[in-house]
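Q: Please take a close look at one helix pair in this model. Keep it brisk.

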Amino acid sequence: MKRIGLLTSGGDCQALNATMRGVVKGLSANLTELEVYGFMNGYKGLIYGDYRLLTSRDFSGILTKGGTILGSSRQPFKLMREPDEKGLDKVEAMKQNYYKLRLDCLVILGGNGTQKTANLLREEGLNIIHLPKTIDNDIYGTDMTFGFYSAVNIATEAIDCIHTTAASHNRVFIVEVMGHKVGWLTLYSGIAGGADIILIPEIPYDIRRVVEAIDRRTKAGKGFTVIAVAEGAISKEDAKLSKKEYRKKIEAQKYPSVAYELAEQIKAANGPEVRITVPGHTQRGGSPCPYDRVLSTRIGVTAAKMILDEEYGYMVGIVNGKMKKVPLAEVSGKLKMVSPKDSIIQEAKLMGISFGD
Ligand code: F6P
């Protein structure tokens with residue numbers, strides 16, 4: 001007999017349901033008795049005792065279903081130790097709900113912030129397994145997160161669609177791709193979509209280099225340019241500011257997002273007029289791609305095996321194609337960023353893609 005809890009926290013992504021299905025199928029196939037409690041809307045459900053007893057029916061037909069059947073919310077890690085508006089100790093409340101249901105383990109699906117709270121609960125003595133979700137693929141200790149390739153597909157399709165219209169009209173387009181802190185999604189979809197300029201947070205850009213890259217294409221007789229820019233792309237100038245100064249500057253400018261700021265900067269540097277496309281949250285939506293369905297199933301089933309073996313305190317990662325138990329204590333709080341030295345960046349540069357540096 002096992003009793004497990006499941007929750008999905010932070011920004012949603014594709015394959016959350018597929019992962020939970022993998023966990024539950026992996027357990028039901030090997031246990032005669034299993035109770036699965038789903039906490040609603042992320043850590044909120046665990047804090048306030050909002051949960052549902054789930055049956056195998058809940059996990060049927062959800063392999064292909066986007067979003068999360070449990071709902072999700074953002075509960076910042078930095079506020080976890082602060083009481084809520086009614087004075088409730090959130091960490092204590094989460095522990096009490098875990099003990100009340102006599103859970104053997106809590107399986108937590110989420111990104112970096114979620115992982116930090118998962119690690120905190122582990123430190124508080126709960127049996128925790130963390131499963132790495134995010135379209136950003138920025139979780140340290142795993143080569144891949146589920147959600148990433150599905151989002152790459154959507155962002156690539158957006159760039160593909162812009163390509164044909166940009167070419168027909170000889171226009172310069174900016175496509176803004178998700179990713180505030182890291183640029184994996186922009187890098188992969190930019191390369192897959194044949195973007196001419198890729199701007200990511202890890203490589204601050206010089207607007208003169210961006211305009212030069214556009215000019216080079218014009219002089220070579222290519223009338224159009226596609227720029228893939230990450231939400232968190234930053235100029236070399238701004239990268240020198242402190243976090244506080246940068247936030248102040250952004251607030252004062254009131255651009256809806258980085259693409260609009262970049263368009264203005266290009267214009268101010270005597271560049272051409274540009275058009276902007278922001279696929280936004282479509283990148284997190286819809287059905288998981290086949291790669292994510294396979295990855296999430298493997299991750300879910302590996303978690304099930306760990307629960308059967310009573311191995312807790314880990315994230316389930318994938319390293320060199322193999323599933324890996326990664327100690328939460330070793331990875332919590334670390335980000336997996338693009339390095340300007342990564343060979344993928346060097347290869348992209350070799351074939352003429354500009355990173356604006
Ligand atoms: O972390 C996933 C993510 O989609 C990022 O790529 C993006 O910057 C952020 O979440 C958007 O957050 P929200 O959904 O809260 O606007």
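How near do the axes of helix H1 and helix H11 come, and at what angle do they cross?

A: This is a predicted model: local features need pLDDT of at least 70, side-chain atom pairs count only at pLDDT 80 or more, and totals for chains, interfaces and linings use all residues. Residues are numbered from 1 along each chain as its sequence is written, and side-chain values use heavy atoms, with hydrogens and water left out.

The axes of H1 (residues 16-28) and H11 (residues 290-308) come within 7 Å and cross at roughly 40 degrees. Helices here are DSSP runs (H or I, at least four residues), numbered from the N terminus. Axes are lines fitted to C-alpha atoms over the stretch in contact, with angles from 0 to 180 degrees between N-to-C directions. The two helices are therefore oblique to each other. The crossing of H1 and H11 is right-handed: the near helix is turned clockwise from the far one by less than a right angle.

Contact means heavy atoms within 4.5 Å. From H1, the contact residues are Ala18, Thr19, Arg21, Gly22, Val23, Gly26 and Leu27. They meet Ser296, Thr297, Ile299, Gly300, Val301, Ala303, Ala304, Ile307 and Leu308 of H11. By class, the contact holds nine nonpolar residues, six polar and one charged. Gly counts as polar in this scheme, Ala as nonpolar and Arg as charged.

Now the cysteines. The whole structure has zero disulfides (cysteine sulfur pairs within 2.5 Å). For Cys289, the nearest cysteine sulfur is that of Cys13, 11 Å away.

Note on methods. Parallel < 35°, antiparallel > 145°, perpendicular 65-115°, else oblique.
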